[in-house]
Amino acid sequence: VAVLDAPRIVTARERFDDSYTLARYLETGGYAGLRKALTMFPEDVAAEVDAASLLGRGGAGFPAGRKWSMLRKSPVSYLVVNGDESEPATFKDHYLVERDPHQLVEGVIIAAYALQVNQAFIYIRGEFALGLERVQQALNDAYEYGALGSKIFDSDFSIDIVVHPGAGAYICGEETALIEGLEGKRGFPRIKPPFFPAVNGLYGEPTVVNNVETMSNLPWIISNGGAAFAALGGGRSTGTRLFALAGRVKNPGAYEIEMVKNTFRDLIYDPKLGGGIIGDHQIKAFIPGGVSAPWFGPDLLDLPLGQDEVAEKGSMLGSGSVVVFDETSCVVRATWRITKFFSRESCGQCTPCREGSGWIERAMYRLEHGGGRMEDLDMLLDLCDNIAPGLTWPPQQTTICVLGSSIPSSVHSAISMFRDEFAQHVNDGGCPFD
Amino acid sequence: MLPLLHLAQEQDGYLTSVKESRRSPNSPARRRPTCAAPPLFYDMYHLEPVGKYVVGVCTNVACLLAGGLELLDHASETLGCAVGSTSDDGLFTLEETECLADCNIAPCVQVNHRYVRTTTPDAFDAMVDELKTGKRDHDIPSHGTLIRVRRSGGLRASESEVASERGDAKAARDKREAEKK
């Protein structure tokens, strides 16, 4: 049974239709966290976030407090918020940007105050036209309200936030590619080291890049204290998390639930959450954290939703999206579509990713559409091995960023879990689900 | 650079001059390849004329499981154009998109980057009729217009300050050039 008694942290205003307006935000305790933060020393605000041990919600799960402490001291530094949510089947940031832009803005101001940064950028993917408009409106309102601009709320702190639209590139979700995009270039990830953004980021200055959901947690953490946040969840995975549930479930959606205390089975089957599989079919497999993550079979349904718990079993919680396949869905087709996505979105800098993704996509297309051979399966695994040697988890990298090493995850999982289904495609000369 | 390109695209729905300007010897795109590169890299910039409405149907994994490919085929039939092309009346351009982050209402359809949330063929056809008769003009502007809310606050320097700084910079440059001569 799902544990649903945790406080709503980032989705507290879900029941209001006008949750994105300043009036509603102020009525429901908005900007109280910021006012409190401004009475504290910046380092105490950072210490509070450190005490919450808030893990970055973007995908890598790096503790936000530690990331902040690595920022190189410099007269000019920047805070960049990553809202370029493009991982297939992830839609939690979309929800937060569109439904609660003020919460995001308040979080960004708190973070900027803790880091003593006077210029922040919110990079939101271009496809979120409504979200971009709402965040811009929220910024305009916040300037008028006095929460943004020079000497906010009569303190000595000044801050400016700029919202920056992306233009359709998955790779810009990678933090150094996002910085390149902000600088107006093509989204080519930088080689790191030496260009860790905390040392040498936007315009060559130290930069902190944080996810939208990470920022949205800050107002609550400052209002209620880091200890209250750390009391939720378990182990290293503290607090609640917004999970995006999609695929063959009755009620797909974004659900904020406590980490670790709930399992994948709760998320997928609880009537208040996923509600079970469409048509009460049997679950075949699920992706625990975005299409870059290796898949799990039904045997791991009772795994707790925690960073370390999932990592131990050889996958990741990643971007917090769970995709469910049932017995009516064709895994070969799904894998082909995922590899097509990577092939299309590879930026083209590194050969293993640029060429490998195209090869894999063509071989997968062949298998799905009836031209496949049994040798293709081993060839695919060999190709994957060339991109991420050893096919281990976490993967070995042969490319500048992790997009390359994300390609083999689904191909390797699908072939090792469903070799029979691949064989059926080859023997039937086509897709048995058509 | 990216917001500026979006702004440029607002005029005609696509970036008119990128191709031509790369051919003409004196264009800024030729002299500064940096401003020609982003339009070629990012998907949202169109270098060819597009319809008033760019319809995007997602077929990525969550939408695929919900019948995205079938809806894309249906859209192609309804709009009378192949995927990636524009209809004869110049009203619609159809695209197959990657994940649009609205997977709880799958398959996801966007028109000019606004979610229309039509998941069935019938709903899709009804939406197309509404577009044709102009009933959706209030929430779906023509292609290219991305953010209708303009920035109205900020730590901006005053106009006079900027003008005086520009004046100083220009004077210094003129002086340098005079010295060179």
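1. An open sheet of chain A comes first. Its 4 strands stand in the order S3-S2-S1-S4, and the pairing is parallel. The edges are strand S3 (160-165) and strand S4 (207-211) of chain A, each pairing on one side only. From one strand to the next, the twist averages 20 degrees. Please keep in mind that this is a predicted model.

2. For a landmark, take A:Leu79, which stands opposite A:Val208 in S4(A).

3. Two helices lie across this sheet. Helix H6 (residues 101-115) of chain A lies across S1, strand S2 (119-124), S3 and S4 of chain A. H6(A) runs at about 150 degrees to S1(A). Helix H8 (residues 175-182) of chain A also lies across S1, S2, S3 and S4 of chain A. H8(A) runs at about 105 degrees to S2(A).

4. A:Pro193 lies in the loop between H8 and S4 of chain A. The bond joining A:Lys192 and A:Pro193 is a cis peptide bond, with omega about -5 degrees. Chain B has a cis bond as well, joining B:Ala106 and B:Pro107, and here too omega is about -5 degrees. B:Pro107 sits in the loop between strand S2 (92-97) and strand S3 (109-111) of chain B.

5. Most residues other than glycine have a negative phi. A:Tyr31 has a positive phi, near 65 degrees. A:Tyr31 is found in the loop between helix H1 (22-27) and helix H2 (32-39) of chain A. Its relative accessibility is 0%, so A:Tyr31 counts as buried. A:Val260 is not a glycine either, yet its phi is positive at about 65 degrees. A:Val260 belongs to the loop between strand S8 (253-258) and helix H11 (264-269) of chain A. With 19% relative accessibility, A:Val260 counts as buried because the limit is under 20%.

6. Just after H14(A), A:Gly370 takes a positive phi of about 95 degrees.

7. Helix H17 of chain A holds A:Glu421. Is this glutamate, A:Glu421, buried or exposed? At 9% relative accessibility, A:Glu421 counts as buried. Leaving out residues up to four places away in sequence, A:Glu421 touches A:Lys284, A:Ser329, A:Cys330, A:Val331, A:Val332 and A:Phe433. A:Glu312 is 109 residues from A:Glu421 in sequence. In space, the C-alpha atoms of A:Glu421 and A:Glu312 are 27 Å apart.

8. Now the contact between the chains. Chain A gives 62 residues to the contact and chain B gives 44 residues. A:Glu133, A:Ala167 and A:Arg337 supply 16% of the area that chain A buries against chain B, more than any other three residues. Together, chain A and chain B bury about 4,200 Å² between them. Carbon and sulfur atoms carry 62% of that area.

9. Charged pairs also cross the interface. The rule finds 7 salt bridges between chain A and chain B. In one of them, A:Glu133 pairs with B:Arg114. The closest N and O atoms of A:Glu133 and B:Arg114 are 2.9 Å apart.

10. Chain B has 8 helices and 4 strands. Along the sequence, the pattern is α-α-α-α-β-α-α-β-β-β-α-α. Of the 181 residues of chain B, 44% count as buried. Among contacts in chain B with a separation of 6 or more, 64% come from residues 24 or more positions apart.

Key
Residues are numbered from 1 along each chain as its sequence is written. Chains are lettered from A and ligands numbered from 1 in the order in which they are written. This is a predicted model: local features need pLDDT of at least 70, side-chain atom pairs count only at pLDDT 80 or more; totals for chains, interfaces and linings use all residues. Side-chain values use heavy atoms; hydrogens and water are left out. Two strands pair if DSSP finds at least two bridges between them. Axes are lines fitted to C-alpha atoms, for helices over the stretch in contact, and angles run from 0 to 180 degrees between N-to-C directions. Contact means heavy atoms within 4.5 Å. Buried area is the accessible area (1.4 Å probe) that two parts lose on being put together, summed over both. A salt bridge is a side-chain nitrogen of Lys or Arg within 4 Å of a carboxyl oxygen of Asp or Glu. Buried means under 20% relative accessible area, exposed over 50%, partly exposed in between (1.4 Å probe, protein chains only).
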